[in-house]
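Student: I would like to learn how to read a few features of a structure, beginning with a single side chain and ending with a whole chain. Could we go through them one by one?

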Amino acid sequence: MAKTILVVDDSASVRQVVGIALRGAGYEVAEAVDGADALRKLDGRKLHLIISDVNMPNMDGITFVKEAKKLPAYKFTPIIMLTTESQESKKAEGQAAGAKAWVVKPFQPPQMLAAVSKLIMP
Amino acid sequence: MTFESEMLAARQTFVVECRDLLDEMEHLLLGIEDTDDPQENVNALFRAAHTVKGSAGLFGLDHIVRFAHVVEAVLERLRSGEIEVSTELIGVLLPCRDHLADLVYGAEVTEHATDEQEATTDALLARLAPFVDENGGAGSGANAAEAAADGAASGERDVHLSLRFGADTLRDGMDPLSFVNYLATLGTVQRVRVIDDLLPEADAVDPERCYLAFQVQVRTAEPIERVEEVFEFVADDGDIRVLNPGTPAGAWQDLIDSFGDAGPAVAEILREFGAFDDAAVLDAATAIADAVSGVPEPATPAAPASKAASTTADAARPAPSGQGDKAASGQGDKAARDGRNIRVDASRLDRLIDLVGELVVAGAAASVRAERTRDGSLLEAVDDMMRLVEEVRDSAMQLRMVPIGTTFARFQRVVRDVSTSLGKDISLVITGGETEVDKALVERIGDPLTHLVRNAVDHGIESQEQRLAAGKPARGTLRLNAYHESGSIVIEVSDDGGGIDRDRVFAKAVERGLVDESASLTDSEVYDLIFEPGFSTAPQVTDLSGRGVGMDVVKRNVKALRGTIEVDSRRGEGSTLRIRLPLTLAIIDGFLVGVHGSSFVIPLEQVVECVELPSGVPDRNCMDLRGEVLPFVRLGSAFALGGDKPKRENVVVVESAGTKIGLVVDSLMGEFQTVIKPLGPLFEHVRGVGGSTILGTGDVALIIDVPGLVHRFGDRERARQFEAVAAHA
Amino acid sequence: MGLSYAGDLTVQTVAERLPELLAELPEDGELELDLSAIDEVDTAGLQLLLVIKREATARGCPLRLTAVGDSLARLLALTRLDMRLDPARDTAEGETA
């Protein structure tokens, strides 16, 4: 059974490319356009991993991670934060909130796939 | 779809997204020399350039990354104040933006730059050079590829990994075995041993805690750093060691020691693996023999011991938070980043809403005239048109609705900063963030809310010592909540602090001459006193909120938005400040009434019912409404209108914030949709009037400010009424 | 005595599974655990099996894994714990792994 990953980013092109890469590697992909949307998608469905951007409208990634970690069904779900090299402090904030993994933008699909396969086995 | 066509489609999305960002960059660059706050523009510019670079990197558009990276580096220096805004700099950045746009648009059809474009890139980079820091600014985009190339340098050998994970690793969603599994991508996993010596008995085990450690041997040609990198997500909390077979004996001994009681077992595994070189084994043999015999009891048991020099912890540790944090957390330009939507200039949207408002009024006029003609088919056509106009109105209003959650989320930071500086521990709980409200309102409610939140943190929630003494948890809770209620949005700021001290408020009000000592006021009337200008009850003045924090200013701001604010408070349990605002500022559904020849509009959402005024009601301004005491106001006398009382008067029962009052009018003229025009400065202070509108007939009607009237007459009349009833009984 | 488990044996479920499994350990005799219907296993799940195995041994009622699914078989093979937990493999994949 394919494992499911939720990709949260307000940039449609980022979601598209990450989606293409992950589906190509055999994962199921769900998408959300911001933190608030992502939170709505944590509706009990089984997720193996969440990939979330930090700066987003409506609800930023840090707040989203904090909220997600409060939900019993997702409190142990691994989360990858999409940080940038100029946002070291955001990475720390994300880690404190519960997103222990990160990928630094700009990244290319193989780097994202590497991070994903460190966290979940195929 | 094939992979190629999928990627092509994604690249087109990228171009569309970037178009917005590039437009914004141009706008920001052009405005930067005229703006009061150039820093804001610089931040937005930086983020835009950064986003373009980030997305370009994702598509492997290296020529864009290379160029955007330098532009970003210059903007970063501008942001940190190392260089300043100058006409020369803007003169270089503008063509850079144009070139970036050129490169991005080119990406729609090709992944590569033309020779001409490359030449422009080089020319512009040369012009940027004087603004680039000589030390920094060098490539980060191509780093990954370089690192990968480095990897091939060292020869293949059996690397040993000792992996102990932090206690919370599993709870953090990290699966140690998944990392071990990943090692197969770097080489061949030769051997794995699980160390479960640290696993407690079944009745003492916390199954979500990670007790297991691993010893792994991998045959790989990758350098140590690349192997360590695999574990960067867990290195901070764990003890990850990667050793070459040639590593001196001391490091091996350290490794064994770090396992405490399990040391001998680890030593045995190392021996079995043949983890170290022949040369090293001679040095290490005695040490390991000691460890295996288990004589020296290590002082450190299960807890992770000191880290060896080879852990990746230092590399992964985040730098202290700096300037970038503040800028990045500012959500002000989120709309600009919101590439999946069409961005519309707010003033254009306002113009549309205005026009729709005029359309509604014009439609109402047409409807009135059509009715006079008694032409059935015309009436039908006008009805159809009005229905459509209403739909257009609703859709237009929807364009401006945004969830209030973003505004709320901003306060996490405010609460954290303020509570930290006060030495308090306060958590902010946000609910109802999805509640939608007019964007114009959201923008204008931010400041009053900030005041209320700061005030609650500062004055509302007690110090930790006081809380503990009162038997409360040391950590205070502040709640932000929003919901819709009868055509309004209600925003609540609640704290679980000490509540408002009624007596102190009253005493202070007397001292300030706001009320008479003998006045008998209801609790809510007393609480309302905190909104009086210059009022403060906090015994301790802090630098954060000072005296009174301008609660009067808060109230004035809320009123300006046609809203109300009220306080609920329980001694020892906390307070709730409740702001009630109309959903939108522009258009209301009104109920048209006539009073002594004048017309008034009452907002329909506040109208409960209409009844006839019973004859023989005494002078006391209240009536019996199905057994309930209903205070009422004669609009004619409230607004001092001349004219005779008609034979029959009607009462429009209105409700605001849970209080009902009656408005006595002459005639009821029915529902009516209307655009609110603000009152001119001459009439701004007139109480009970919220605005004006132009009727279909061309007449002007005043719009009744129901909350204002209710506040003015409702509470007082009711209190008086109860006293009268009590005296009577 | 035989017991069959389905669903996940992961960090999300181990807190529930631990007391359940401990309660199933018989006073005497052998506990046979059929894990062929388990969907997902992670380090927490593996750790749980080690705890149960040890507890069973301490109580003198040997635990036998009568069958394991692909996912667990892979983990056991990766960690070389198949010797310790000694599962009987009933899946074709398990046989060849």
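Student: Is B:H50 buried or exposed in this model?

Tutor: The model is a predicted one, and a residue counts as buried when its relative accessible area is under 20%. B:H50 has a relative accessible area of 9%, so B:H50 is buried. This residue lies in helix α2 of chain B, which covers residues 38–58, and an unreviewed UniProt entry lists B:H50 under "modified residue: Phosphohistidine".

Student: At what angle do helix α1 and helix α4 of chain B pack?

Tutor: Angles over 145 degrees count as roughly antiparallel. Helix α1 (residues 3–31) and helix α4 (residues 87–106) of chain B pack at about 170°, with their axes 10 Å apart, and therefore α1(B) is roughly antiparallel to α4(B). Among the residues that make the contact are B:F14, B:C18 and B:L22 of α1(B), together with B:I90, B:L94 and B:Y105 of α4(B).

Student: Which classes of residue make up the contact of α1(B) with α4(B)?

Tutor: By class, 14 nonpolar and four charged residues take part in the contact of α1(B) with α4(B), with no polar ones; the charged residues include B:R19 and B:D23 of α1(B) and B:R97 of α4(B).

Student: How many helices and strands does chain B have, and what share of its residues count as buried?

Tutor: Chain B has 24 helices and 21 strands, and 49% of its 729 residues count as buried. The chain exposes about 34,600 Å², of which carbon and sulfur atoms supply 51%.

Terms used:
Residues numbered from 1 in each chain as written. Chains lettered and ligands numbered in written order. Predicted model: local features only at pLDDT ≥ 70, side-chain atom pairs only at ≥ 80, totals over all residues. Heavy atoms only, no water. UniProt positions renumbered as here; feature names shortened; annotations may be inferred. Helix = DSSP H or I, 4+ residues; strand = E, 2+ residues; numbered from the N terminus. Buried < 20%, exposed > 50% of the residue type's maximum accessible area, 1.4 Å probe, protein only. Axes fitted to C-alpha atoms, helices over the stretch in contact; angles between N-to-C directions. Parallel < 35°, antiparallel > 145°, perpendicular 65-115°, else oblique. Contact = heavy atoms within 4.5 Å. Areas by Shrake-Rupley, 256 points an atom, 1.4 Å probe, with all protein chains shown as cover.
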